[in-house]
Amino acid sequence: MLSRVADHLYWMSRQMERAENLARLVRVSEEMLLDDESLGRGSAQEYWTPVLAATAMEGAFRGLYPEPRQGDAARFLTLDLRNPDSILSCIKQARENARSVRDKISDEMWTELNALHMLVTSPEGAQLLARSPHSFYEKIIASSMLFDGITEATLTRDEGWNFLQLGRLLERADMTSRFLDIRSQTPAGDSALESLQWGAVLRACSAHASYRRLHGGEISVERVVDLLLFSNEFPRSVRHCLRRADEVLHDISGTPTGRYSNPCEKITGALLARLSFAGPGRSWPAGFMPTSTSCRRSSTAPVRRSSRPTCCCRAR
Amino acid sequence: MKLTDYRGANLFDELVDAQGAIRPYYRGVADKLAGLGPEELGHKLRSLELLFLKQGITFTVYGDEQGTERVFPFDPFPRVIPHHEWETIEAGLVQRITALNLFLYDVYHEQRIIKDGVVPPEVVFGASHYRPEFVGVSVPKDAYIHVCGTDLIRDRDGRYLVLEDNGRCPSGVSYVLENRAAMKRVFPHLFGASGVRPVDTYPSDLLATLRHVAPRENPNPNVVLLTPGVHNSAYFEHSFLARQMSIEIVEGRDLIALDGFVYMRTTRGLRQVDVIYRRIDDDFLDPQVFRKDSCLGVPGLVDAVRRGNVALANAIGTGVADDKVTYAYVPDMIRYYLCQEPILDQVPTYLAWRPDDFRYILENLPKLVVKAANESGGYGMLIGPTATAAEIEEFRRRVTATPRNYIAQPVVNFSQHPTLVDGGLEGRHVDLRPFVLWGDTVKVLPGGLTRVALKRGSLVVNSSQGGGSKDTWVLAA
């Protein structure tokens with residue numbers, strides 16, 4: 001497979017995953033904000049600051065909206081093309097990447113991605129967002145999941161498949177660790193509020209049902225972190241994603257698991273070891289922050305940037 | 001759809017004859033279309049549009065900042081070509097590509113046709129796409145034009161005339177295949193017992209044509225399609241064809257020339273390339289030989305071609321054959337190389353560098369179509385009867401400045417075909433671009449791309465200038 005093709009596939013699936021996670025983040029944040037406002041707690045600005053910080057776009061946002069008004073933050077994260085990491089930008093970049101590798105993906109994958117692109121660039125899409133933001137974000141999430149399912153059901157398990165998986169898994173690990181950051185940076189100090197906020201983190205990661213099944217309805221910070229960071233079973237946990245990514249990397253290179261033949265395998269191996277030794281519950285919060293940060297740093301490493309600035313990863 | 005209101009005009013109409021009667025080979029499809037109620041038709045038209053949009057069957061319009069991608073407008077009334085007409089067209093096209101390939105071999109080798117005084121030297125050496133650096137260089141199987149798209153129009157009497165040959169990187173074939181697929185999906189009932197010849201073997205025929213010129217003995221040559229990239233207007237087609245042929249679609253940066261061989265960069269290292277179906281003009285192929293500022297090409301590619309280690313389709317330098325001045329000499333070429341009379345006629349052509357023609361052109365600008373000798377896509381063209389005085393003066397200036405670059409032809413009021421406009425049928429001008437493959441055997445894709453000028457009265461069918469397309473049906477008997 002052409003190296004450039006691998007690059008396009010990797011970034012296409014990363015950008016789809018990113019759009020999906022952003023959609024979930026904005027949707028949950030807007031719902032939370034409604035609660036906050038109706039209870040007269042804090043300002044919208046204070047609320048969005050950690051969210052923007054977690055997407056590493058706070059500076060860009062301040063530059064574009066020096067005096068932000070209501071709805072600006074959500075707009076910035078959703079349909080603002082000046083934000084290279086907005087949902088719209090991600091979908092556009094994903095489609096550009098897909099266009100370059102149409103012969104490597106199935107027709108059904110292309111049709112779904114193209115339909116999503118049509119939705120978010122059409123006046124109907126903007127109207128839907130204005131009328132019913134919830135349905136708008138729902139549609140993006142559903143489309144990304146459908147895309148994933150179509151990929152699963154229509155694509156040969158070859159090298160291209162591996163690069164698609166790699167992109168999605170690394171982005172998922174990255175996003176989960178970012179969502180954890182949002183709340184760990186701003187402890188609420190009020191246990192009722194804290195469980196509300198951590199509940200939102202669970203929803204942003206589609207993890208609320210899994211959590212309830214494991215631990216019942218009571219939300220504890222330690223258990224949320226346990227699930228999202230250390231779980232071996234939950235498919236969006238950092239550890240699960242990294243373990244799968246490590247397997248995929250070994251599939252690509254043909255190196256047996258547990259050994260490494262390139263820096264990427266070394267990084268995922270080291271991260272997994274750290275996650276195993278940090279262990280659930282024990283070393284948090286001391287060992288937790290560095291882990292999620294280094295996960296993000298290394299998630300940009302496995303595929304070296306080629307010459308496409310348009311699909312560049314977050315500058316950190 | 002109401003057929004009763006449809007009238008022919010003072011020119012050749014594809015559907016109805018001079019008396020207004022539907023031509024026999026159109027009756028089947030016309031009856032079935034007429035049986036569609038307005039509601040059903042509207043529904044079908046919407047599903048067609050959605051189909052194209054959803055699949056992203058689009059092209060890029062240059063000079064348009066905003067809408068980088070557009071759907072190529074499609075008209076559902078198919079153009080029908082009866083068997084006997086197609087036989088003539090097919091024979092004429094085979095004859096023409098044969099003569100053009102012999103001509104190209106000749107001008108890059110002995111140049112007999114010039115020495116024998118059939119084609120004046122300035123026609124060949126003055127063509128901007130003539131490549132003197134390739135004189136004496138042999139290409140695999142002496143094949144220059146592997147893929148040719150020849151534009152045909154029909155005059156007032158229904159005679160097919162060659163308007164131009166596209167022997168460099170002709171595009172449009174993907175629309176032929178996609179139009180047919182869309183018609184089958186949305187109008188399946190039109191096809192029953194109609195005897196339409198299928199078009200879907202084109203990709204495998206094209207692949208066979210490309211493999212035929214592979215330079216090394218290899219049962220499985222590595223054939224790739226070289227594209228300028230996603231921003232090219234024909235990118236959809238490049239990616240479509242690569243997918244249909246299961247070959248890699250590469251950009252210049254994916255290839256590297258080392259010691260006279262060409263390789264592609266893969267995740268497993270370098271892999272040798274045997275045949276390049278290039279959809280990039282000569283000028284951009286290799287910055288070491290042609291344009292220095294090209295970042296689309298591959299430095300060292302031409303050297304590898306010269307050494308015979310990689311084959312290009314089409315070969316370098318074919319532009320001298322589809323030059324609009326050379327065009328005027330194609331009938332003479334056919335007589336010279338093949339000792340045959342041309343099967344297909346062509347449009348009378350005045351060459352501005354001939355003093356008599358030059359005078360005639362300048363005196364008759366408002367009556368003529370003036371074309372730059374080596375432009376395509378409907379760019380660099382003057383249509384006298386509809387041009388403004390300023391445009392005519394602009395062309396007078398240009399023709400006077402560089403006569404070799406211009407030709408003129410009388411306006412051919414070419415044939416019209418019923419086309420759906422606002423729910424009714426109106427006549428719109430159509431042309432036809434069949435595709436010819438020159439490989440082990442010569443194959444002509446049955447039909448080709450029928451382009452339709454959607455603006456009333458317009459004679460410009462190019463997609464970049466407001467043209468659309470139709471499915472083209474060649475009948476088996």
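# Worked exercises on a predicted two-chain model

In chain A, residues 24 or more positions apart account for 65% of the contacts (heavy atoms within 4.5 Å) with a separation of 6 or more. This is a predicted model, in which local features need pLDDT of at least 70, side-chain atom pairs count only at pLDDT 80 or more, and totals for chains, interfaces and linings use all residues. Residues are numbered from 1 along each chain as its sequence is written, chains are lettered from A and ligands numbered from 1 in the order in which they are written, and side-chain values use heavy atoms, with hydrogens and water left out.

## Exercise 1: chain A and its largest cavity

Find which helices of chain A give two or more residues to the lining of the largest cavity.

Step 1. Start with the chain: 15 helices and zero strands make up its list of elements. Helices (H or I, at least four residues) and strands (E, at least two) are DSSP runs, numbered from the N terminus.

Step 2. Search the whole structure, and seven cavities of 30 Å³ or more turn up; the largest has a volume of about 90 Å³. On a 1 Å grid over the protein atoms alone, a cavity is a set of points where a 1.4 Å probe fits but cannot get out, and lining residues have an atom within 4 Å of a point. Grid points are joined across faces, edges and corners, and the volume is the space filled by probe spheres set on the points.

Step 3. Look at the lining, which includes A:Leu25, A:Met32, A:Tyr47, A:Arg183 and A:Gln197. Helices H1 (3–38), H2 (44–54), H9 (159–185) and H10 (191–204) of chain A each give two or more residues to it. By class, the lining has nine nonpolar residues, two polar and one charged.

## Exercise 2: a parallel sheet in chain B

Work out which strands stand at the edges of the open sheet of four strands in chain B.

Step 1. Write down the order, E7-E6-E11-E12, with parallel pairing. Two strands pair if DSSP finds at least two bridges between them.

Step 2. Strands E7 (248–250) and E12 (311–313) of chain B each have a single partner strand, so one side of each is left without a neighbour in the sheet. Those two are the edges.

Step 3. Axes here are lines fitted to C-alpha atoms, for helices over the stretch in contact, and angles run from 0 to 180 degrees between N-to-C directions.

Step 4. Check one pair: E11 (residues 275–278) of chain B is joined to E12(B) by three bridges, and B:Val275 stands opposite B:Ala311. Helix H8 (residues 235–245) of chain B packs on the sheet, touching E6 (223–226), E7 and E11 of chain B.

## Exercise 3: an enclosed strand

Is strand E22 (residues 449–453) of chain B largely enclosed or open?

Step 1. Five of its five residues are buried (under 20% relative accessible area, 1.4 Å probe, protein chains only), so E22(B) is largely enclosed by the rest of the structure.

Step 2. Compare the faces: B:Leu449, B:Arg451 and B:Ala453 are buried on one side, and B:Thr450 and B:Val452 on the other.

Step 3. Find the partners. Strand E19 (residues 424–433) of chain B pairs with E22(B) in the antiparallel sense over four bridges, with B:Asp431 facing B:Arg451 as bridge partner. Strand E23 (residues 467–474) of chain B is also antiparallel to E22(B), joined by four bridges, and there B:Val452 stands opposite B:Gly468.

Technical notes: 1 Å grid on protein atoms, 1.4 Å probe; cavity = no way out; pocket = protein on both sides within 12 Å on 5 of 7 lines; lining within 4 Å. Nonpolar A, V, L, I, M, F, W, Y, C, P; charged D, E, K, R; others polar. Buried < 20%, exposed > 50% of the residue type's maximum accessible area, 1.4 Å probe, protein only.
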